[in-house]
Amino acid sequence: MMIELKNITKIYEVNKNNIVTALDNINLEIREGELVVLKGASGSGKSTILSLIAALSKPTSGEIVVETSRVSKLSDNFASDFRRDNIGFVFQKYNLIPALSVKENIILPLVPLNLHVKEIEEKLIRVLKMFHIEHKENQLVKNLSGGEQQRVAIARANVNNPKIILADEPTANLDEKLSLSFIEILKELKAEGKTIVVATHDPLFFNLEIVDRVVEIHQGVLL
Amino acid sequence: MRTKINIYLVEYAINSLLRQKYKTLFITLVLTALIFLLSSIFFITNSIKYELQSTVDSLPEITVQKINGGRHYDIEVSVADDILAITGVKSAVARVWGYYYFENAGVNFSVVGIDEYEEQYKNSLTNVAKTLDFSASSMILGAGVKKIINENYYKEYFNFIKPDGTLKRVDIGGVFDTDTELESNDVIVMSKESVREIFDMSENKATDIVVKVANEDEIATVALKIKLLYPDSRVITKDDLKISYQNIFDYKSGIFLALFVVSLFTFFIIIYDKLSGLSSEEKREIGVLKAIGWRVDDVLKEKFYEGFIVSFFSYMSGVILALFFVYMLRAPLLQNIFTGYSQLKTSFTLPFVFDMQTLALIFFLSVPIYIAATIIPSWRSAALEADEVIR
Ligand SMILES: Nc1ncnc2c1ncn2[C@@H]1O[C@H](COP(=O)(O)OP(=O)(O)OP(=O)(O)O)[C@@H](O)[C@H]1O
Ligand SMILES: [Mg+2]
């Protein structure tokens, strides 16, 4: 078992009189190497689940275990280390730094590690090739198309070769052709044995051969 | 802990500064200008303080003048002998000196007569006194005097105009090489006989009498005794002079203080502006960095480099510019505040006083404060949950 969510509740306190229960007592197990699609309407709590798995936020109650670490209990610094070593997050808005080049964006997760130049170069080349953006290496991200930007974001998520890939609405900003090529990328990642969670309401994902399971969420509750 | 300097982090910091090049340039320029102004003020005040201190150190312990109707008259030389008889007095010397107005240049020279090795000029005269031939008519000039009379034709001698209109020719014997330039720049030293001739003073008169006391604690007592002995005299002690020098200095450094306050004020406005928060773009960037695995301290290190690069660069350029401005260009504009009253004084050079404490003070007033102002808002932002970035 790779990822386990036990009795997870997440409550956002907007102000004193207004609280939002984003997740209500959720239990979910994701096995190693599994590709799970989180399906649900806007506001149902998909992104919240991804952020909890990535230790970007803490549950109000319940526990999250990834492999052997109790992610929901990690201190801020250990949460950062955990993300750096285990999680590749492909954000809905990509979250690239537009004024930096493709290369600079991709190696960003490696910066705090202070690795040898050669090692960085190797890791960079691996993902540049894997996601077919070698030819854009030195271009500024702001000059790339949406599809290219997503591939840079995926490359960045994979540069440290994490075991878990989390993708939030990966096809929301892509046309059909690009969406299909994203699915090709998913295939490759799955072939590498990565555990993958995709949050989406795009029907394209619901009947795919490579998808092991579709988990539906509605107003913070799993169906 | 990774203690080795992470060049990728430094590179990222530089990149980040270059990305906002106009903002970076503006802040660097303003900081440099402020540090330049601050350093200049400190350098000048230090130098002048040093000048004044060495001047004050060489002042006579007690000066006695003859006063009548509130005005200063020549005093009988014999008074010196009477004072010498007072217990506790080590020496009493009658001085002969005056101000000579040089009309061509519109400046006053201080003409001082000496007839032997006189304690008061010990520092400045040790070297030149030997070259002064008291029997002949020669003189030693302050550098400022020499410059002015050279500009006005006189190279080897100078013609003083006596009160009766006749001329007194005095040869130039040498130039002061002195450490108390503020005071001696306009001084001419020659034999007492020559001075008496130029100012038409009689043999038994002197300008004033300087008194040395064996024990410094007795200065006030001796001064009182002299006053009782000669009720028509004005007795000035070293402390009195020290105070009036200090007053001039305090008044002038007040102007500097004002400049100082203005620059600090500007600096703190910059700091305040930085502390008041990050743009949403900057916050997002920090969130992204954390989301991809940067620790809070990685973010803070990066911000530290950013702040350090900007403030240390500004510090170095500001200080170097100030050194150049004050000691090479002689601080045009600023220096006039101190030495503007006489044409002669403008050629006075500030003595170079290298003071690590001043440099350190300026450093601690600027660099760490700026770095803190860079780090603190980022720290606040980085310490929050990073999940904003997924929205
Ligand atoms: N920081 C927050 N403060 C308050 N409420 C929040 C916050 N983040 C999320 N929510 C609320 O929690 C609920 C779940 O949000 P979440 O982003 O997980 O939904 P989602 O399924 O990802 O939706 P979408 O498809 O629009 O991305 C929503 O009602 C949202 O308004
Ligand atoms: Mg979402």
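Two residues are in contact here when heavy atoms lie within 4.5 Å. Keep that in mind on this tour of a predicted model.

Start in chain A. Select A:L166 and show what surrounds it, ignoring neighbours within four places in sequence: A:L166 is in contact with A:L50, A:I53, A:A54, A:I87, A:G88, A:F89, A:V90 and A:V197.

Next, pick A:G88 from that list. A:G88 sits in strand β6 of chain A, residues 87-90. Buried means under 20% relative accessible area; A:G88 has 0%, so it is buried. Again leaving out neighbours within four places, A:G88 is in contact with A:A157, A:P162, A:I164, A:I165 and A:L166. For a distance check, select A:V221 as well: A:G88 and A:V221 are 133 residues apart in sequence and 25 Å apart in space, C-alpha to C-alpha.

Now widen the view to the largest nonpolar core, which has 119 residues. The members that touch the most others are A:I3, A:F89, A:I106, A:L166 and B:W294. Helix α11 of chain B, residues 296-328, gives this core its largest share, ten residues. Apart from this core lies another, of 43 residues, including B:V64, B:M139, B:A206 and B:Y230.

Finish in chain B with helices α2 (residues 21-57) and α13 (residues 356-382). Their axes come within 10 Å and cross at roughly 160 degrees. An angle over 145 degrees counts as roughly antiparallel, and α2(B) and α13(B) are therefore roughly antiparallel to each other. The crossing is right-handed. To see the contact, select B:I27, B:L31 and B:F42, among others in α2(B), and B:L359, B:I362 and B:Y370, among others in α13(B). By class, this contact has nine nonpolar, four polar and no charged residues.

Key:
Residues numbered from 1 in each chain as written. Chains lettered and ligands numbered in written order. Predicted model: local features only at pLDDT ≥ 70, side-chain atom pairs only at ≥ 80, totals over all residues. Heavy atoms only, no water. Axes fitted to C-alpha atoms, helices over the stretch in contact; angles between N-to-C directions. Helix = DSSP H or I, 4+ residues; strand = E, 2+ residues; numbered from the N terminus. Parallel < 35°, antiparallel > 145°, perpendicular 65-115°, else oblique. Left-handed = near helix turned anticlockwise from the far one by under 90°. Nonpolar A, V, L, I, M, F, W, Y, C, P; charged D, E, K, R; others polar. Core = buried A, V, L, I, M, F, W, Y, C linked by side-chain atoms within 4.5 Å. Buried < 20%, exposed > 50% of the residue type's maximum accessible area, 1.4 Å probe, protein only.
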